[in-house]
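Q: Please take one part of this model and look at it closely. How is that part packed, and what lies around it?

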Amino acid sequence: MISIKNVNKSFGDHHVLTDISLEVPKSNVVALIGPSGAGKSTLIRTINALETIDTGSITVNDIAIHDKKTNINKARTNIGFVFQNFNLYPFLSVLDNVTIAPIKIKGQSKAEAEKRAKELLTSLGLGEKFDAFPNRLSGGQQQRVAIARALAMDPEVMLFDEPTSALDPEMVKEVLDAIRALAKQGMTMVVVTHEMGFAKEICDDIVFMADGKIVEVAPPDVFFTNPTTDRAKDFLAAVLNH
Ligand SMILES: Nc1ncnc2c1ncn2[C@@H]1O[C@H](COP(=O)(O)OP(=O)(O)OP(=O)(O)O)[C@@H](O)[C@H]1O
Ligand SMILES: [Mg+2]
C-alpha cells in the first residue's frame, strides 16, 4: 500500500533522510520510533508530500506521490494525517470540522457528509459534541475529532505523528483506543510514537530510525527482546529506564 524507495532529503546541507526504503503492505501497522531528530516526522510527512524529497520515490496505492504529474490534492484524499497538536479549524464546530473536506473536496452533499460525520463522531465517543467548538474540548476529545475528520474522507492509509504526545496522561488511552480500533478494522497505518507498549501491541513491524536512517525493521516481539544494533539497544535501554 505504501512503498518508499531510496528516499533522500536534505534541509540545506543537513542530510535528514538517507536512503530510506520501506514497504507497508495493506492492513499493516508500522510504528516509527527513534530518538529526537532521527527524521521520523520528516519521513512520515513525505508520505503525503507535506515535505518534498530530493531523490527516490514514494507510492501510495500505486500513485506516485512526488511525481509532478500527480494531482497531490486528489492523492491526499486517500491519506489521512493526524498531527501531534490536532490542528482543528478553531472557528468551525466539531461537525463542520469533520464535514468541510468531504463537502468541498469530495463534493458530498451537506446531508450526506453530516450523516457520515455523526456516525464517525459517535463511534469515537463524541456523540454529544457535534456543535462544540474545539477550544471547549479536552485534548483527547480534540484529537478524536481530528481522527474523525481524517476518516471522513474514507482514506486507505492513516498517518499519525505522535498523536498522544500533547495529551495529559489520562487522555492518552482514549486516543490509543481509537487507533487500536482502526488497526482491528484493517486500516493501513504508520504511527510515529513514543508509546512502546502500544507499538508492541498493535504493530506488525517496528521501524527504528536514528540519524536519518532506518537502522532496524523487525516485528515487535523480535525488536523489543532481541534488537540487533547497539543504537537500538541503547535507545530501548534509555526508554525503558525512563
Ligand atoms: N523545516 C526544517 N528545516 C530545517 N531543518 C529541519 C526542518 N524540519 C526538520 N529539520 C531537521 O531535520 C532533522 C529531523 O527532524 P524530525 O523533525 O524529522 O525529527 P523527529 O525524529 O521527528 O524528532 P522528534 O522525536 O523530536 O519529533 C532534525 O535535525 C531537524 O532539526
Ligand atoms: Mg517528530
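A: The buried residues of H3 pack against H4 and H5. Contact here means heavy atoms within 4.5 Å. Helices (H or I, at least four residues) and strands (E, at least two) are DSSP runs, numbered from the N terminus.

This is a predicted model: local features need pLDDT of at least 70, side-chain atom pairs count only at pLDDT 80 or more, and totals for chains, interfaces and linings use all residues. Residues are numbered from 1 along each chain as its sequence is written, chains are lettered from A and ligands numbered from 1 in the order in which they are written, and side-chain values use heavy atoms, with hydrogens and water left out.

Start with the helix itself. H3 covers residues 94-104. Its buried residues are Val94, Leu95, Asn97, Val98, Thr99 and Pro102. Buried means under 20% relative accessible area, exposed means over 50%, and partly exposed lies in between (1.4 Å probe, protein chains only). An α-helix has 3.6 residues a turn, so residues three or four places apart point the same way.

Now the H5 side. H5 spans residues 139-151. The axes of H3 and H5 come within 8 Å and cross at roughly 25°. That makes the two helices roughly parallel. Axes are lines fitted to C-alpha atoms, for helices over the stretch in contact, and angles run from 0 to 180 degrees between N-to-C directions. Angles under 35 degrees count as roughly parallel, over 145 as roughly antiparallel, 65 to 115 as roughly perpendicular, and the rest as oblique. H3 and H5 cross in a right-handed sense. A crossing is right-handed if the near helix is turned clockwise from the far one by less than a right angle, and left-handed if anticlockwise. H3 contributes Val94, Asn97 and Val98 to this contact, and H5 contributes Val145, Ala148 and Arg149. By class, that is four nonpolar, one polar and one charged residues. Ala, Val, Leu, Ile, Met, Phe, Trp, Tyr, Cys and Pro count as nonpolar, Asp, Glu, Lys and Arg as charged, and the others, Gly among them, as polar.

Leaving out residues up to four places away in sequence, arginine 149 touches Asn97 and Val98, along with Phe86, Asn87, Leu88 and Tyr89. Its side chain reaches the backbone oxygen of phenylalanine 86 at 3.3 Å. The C-alpha atoms of arginine 149 and glycine 80 are separated by 8.4 Å, although the two are 69 residues apart along the chain.

Next, the H4 side. H4 runs over residues 110-123. H3 and H4 pack at about 130°, with their axes 9 Å apart. The pair is therefore oblique. This crossing is right-handed. Val94, Leu95, Val98, Thr99, Pro102 and Ile103 in H3 meet Lys110, Ala113, Glu114, Ala117, Lys118 and Leu121 in H4. The contact divides into eight nonpolar, one polar and three charged residues.

The loop between H3 and H4 holds glutamine 108. Glutamine 108 counts as buried, at 17% relative accessibility. Beyond its neighbours up to four places away, glutamine 108 touches Pro102, Ile103 and Ala113.

H4 and H5 also meet. Their axes are 9 Å apart, at an angle of about 140°. H4 and H5 are therefore oblique to each other. Here too the crossing is right-handed. Arg116, Leu120 and Leu121 in H4 meet Val145, Ala148 and Leu151 in H5. This contact has five nonpolar, no polar and one charged residues.

Leucine 137 sits in the loop between H4 and H5. At 7% relative accessibility, leucine 137 is buried. Setting aside neighbours within four places in sequence, its contacts are Val94, Lys129, Ala132, Gln142 and Val145. The C-alpha atoms of leucine 137 and valine 94 are 9.5 Å apart, across 43 residues of chain.

Two residues tie these contacts to one another.

Definitions and conventions
Polar contact = N/O pair within 3.5 Å; in protein donor to acceptor, adjacent residues only side chain to side chain.
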